[in-house]
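Student: I would like to learn how to read the features of a structure. Please take them one at a time, with the general idea before the case.

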Amino acid sequence: MDSYSLHHAEFYVSDGEKLTRDLTSKYKFALIAKRSIKSHNQWVLCSGNAKFLITQPKTFDVSDAITCTEDHLVDPYISNQYLSLGINSAVNIANAPKTFVNTISNIALKVKDVKHCVHRVCQAGGEVLKPPNVISDINGSVETAIIKSCIGNVIHTIVDDSKYKGSFLPGFEDVDNPCSSCENPLVTHIDHVTFACALGASGKVLKWYENNLGMNRFYINSDEDIDDGFVIDTEDIGIRLKAFEYWKCAETGLYSQGPDNSLKFVIAEALEGQGPNQIDTFLEEHRGDGIQHIGLHTESIVNAVSTLQEQGVNFVEPPYTYYTEVGKLKEMEEINEDVEVLKKYGILVDNEADPDTDSSEQRYLMQKFTQPLFDEKTFFLEIIQRFGARGFGSGNITALWRSMQAYLSEEKS
């Protein structure tokens, strides 16, 4: 039986120290481990069950990138990515800002049987970048492998750490009192991952994850078409979304550490003829398909957003009219949330339950989106709190799209 959970997500950035400072000081992640090797510095951050690995190259040399993948802890796809950009010699990252694209590309998955998972990928025709290998230190051993997703620069490190007692992986140095700032985490776990893809890619992506990792389609909206997905096509909005997931009770596949025991991935495509838009902006500045955002779950979104704002996190604000729309206002009243508080912090609400459902059985979520974390208008974070809802706020997509479009327009002006 294959059973996966999300082990960590890996950033590959030009300034790892800055990103580490931002995530620890603003987002209240704790630094739990770090290491420095010939070509890279790395930091491991934790909040609840959410773990981020931040990798920063000291210099960029393709041969170093290939060599350092021998320990399975650095993104091996970087060599292919940067060779395609014509970088074939050692370059100091600080002196090459135009050639380096900050990215988050590795969604590492914890499994019980690495060899079995790799066998499944091989049987499905997937690409194995690094075969199963065991690494160890005084805290025990970990078996890993790396597979390449069909999405842009995305890879999946497959990890079996059942025989390991350290805080992260072999080779990393634990930081003193690593859990001191994690007693009451601001965010508890990674809720979902969203990919930005070129138009028409969703069918291929769904098929790849079904065949290679045993994931199944998840319908975002009850009216969603099986082939077209969830589509919004108006005068100023054109987007297609499709989602897929896996439950840990299934025979094979993925599951998260979230309360509903599922790990969800979402694909976002801009419709044809949209003109300048946020998906195409991502594809251009990221130089291809990739991870657009990660949803971080919190137990109190009002506390999380207010804390993040106080620490200097910049959010994309919804249109002011969002809180005066008759249908949306009714949703907020039905779930007994204080409209003025939601308006104050710019929090979006989406009620999944039938309007006639008793208030005690309402299923809804609340969410808010940050501005991009990097100079490139690419990756951002979502703060989300679920109350029985399993979707992604389909009722808020219009407001989010318009908010992000307004933000991008302001940045260009």
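**Reading the features**

Tutor: Asparagine 336 is exposed, as its relative accessible area is 63%. Note that the model is predicted.

Student: Where does asparagine 336 lie, and what is its phi?

Tutor: Asparagine 336 sits in the loop between α8 (326-334) and α9 (339-345). Its phi is near 60°, a positive value in a residue other than glycine. Lysine 28 also has a positive phi, about 65°, although it is not a glycine. Lysine 28 belongs to the loop between α1 and β2 and is partly exposed, with a relative accessible area of 33%.

Student: How many helices and strands does the protein have, and what share of its residues count as buried?

Tutor: The protein has 10 helices and 18 strands. Of its 413 residues, 58% count as buried. Among contacts between residues at least 6 apart in sequence, 69% join residues at least 24 apart.

Student: How should I read a sheet? What is the strand order in the open sheet of nine strands?

Tutor: Read the order across the sheet, then the sense of each pairing. Here the order is β6-β7-β8-β5-β1-β4-β3-β2-β9, and the pairing is mixed. At the edges stand β6 (127-137) and β9 (173-174), each with a single partner strand, so one side of each has no neighbour in the sheet.

Student: In which sense do β6 and β7 pair, parallel or antiparallel?

Tutor: Strand β7 (residues 140-148) pairs with β6 in the antiparallel sense, over eight bridges. Glutamate 127 is opposite lysine 148 in β7.

Student: Which helices pack on the sheet?

Tutor: Helix α1 (residues 16-25) packs on the sheet and touches β1, β2 (30-36), β3 (40-47) and β4 (50-57). The direction of α1 makes about 160° with that of β4. Helix α4 (residues 114-123) packs on the sheet too, touching β6, β7 and β8, and its direction makes about 170° with that of β6.

Student: Is strand β5 largely enclosed or left open, and why?

Tutor: Strand β5 (residues 103-110) is largely enclosed by the rest of the structure, because seven of its eight residues are buried. Its pairing with strand β1 (residues 5-12) is antiparallel and runs over seven bridges. Within that pairing, isoleucine 104 in β5 is the bridge partner of phenylalanine 11. With strand β8 (residues 155-160), β5 pairs in the parallel sense over three bridges. Asparagine 106 is opposite isoleucine 155 in β8.

Student: How do I read the buried side of a helix?

Tutor: An α-helix has 3.6 residues a turn, so residues three or four places apart point the same way. In α1 the buried residues are Gly16, Leu19, Thr20, Asp22 and Leu23. They cover an arc of only 165° around the axis, which puts them on the same side of α1. These buried residues pack against β1, β3 and β4.

Student: How do I read a nonpolar core?

Tutor: In soluble globular proteins, nonpolar side chains tend to be buried together. The largest nonpolar core here has 71 residues, of which Phe52, Phe195, Tyr209, Ile294 and Leu296 touch the most other members. Helix α5 (residues 202-213) gives the most to this core, with five residues. A second, separate core has 15 residues, including Phe218, Ile237, Ile239 and Ala243.

Student: Which residues does tyrosine 209 contact, leaving aside neighbours within four places in sequence?

Tutor: Tyrosine 209 is in contact with Ser149, Ile151, Val154, His156, Phe195, Gly214, Met215, Phe244 and Phe265.

Student: What about cysteines? How many disulfides does the structure hold?

Tutor: A disulfide is a covalent bond between the sulfur atoms of two cysteines. The structure holds zero disulfides. Cysteine 117 has 3% relative accessibility and counts as buried, whereas cysteine 122, at 44%, counts as partly exposed.

Definitions and conventions: Residues are numbered from 1 along each chain as its sequence is written. This is a predicted model: local features need pLDDT of at least 70, side-chain atom pairs count only at pLDDT 80 or more; totals for chains, interfaces and linings use all residues. Side-chain values use heavy atoms; hydrogens and water are left out. Buried means under 20% relative accessible area, exposed over 50%, partly exposed in between (1.4 Å probe, protein chains only). Helices (H or I, at least four residues) and strands (E, at least two) are DSSP runs, numbered from the N terminus. Two strands pair if DSSP finds at least two bridges between them. A disulfide is a pair of cysteine sulfur atoms within 2.5 Å. Contact means heavy atoms within 4.5 Å. Axes are lines fitted to C-alpha atoms, for helices over the stretch in contact, and angles run from 0 to 180 degrees between N-to-C directions. The arc is that of the directions from the helix axis to the C-beta atoms. A nonpolar core is a set of buried Ala, Val, Leu, Ile, Met, Phe, Trp, Tyr and Cys residues joined through side-chain atoms within 4.5 Å.
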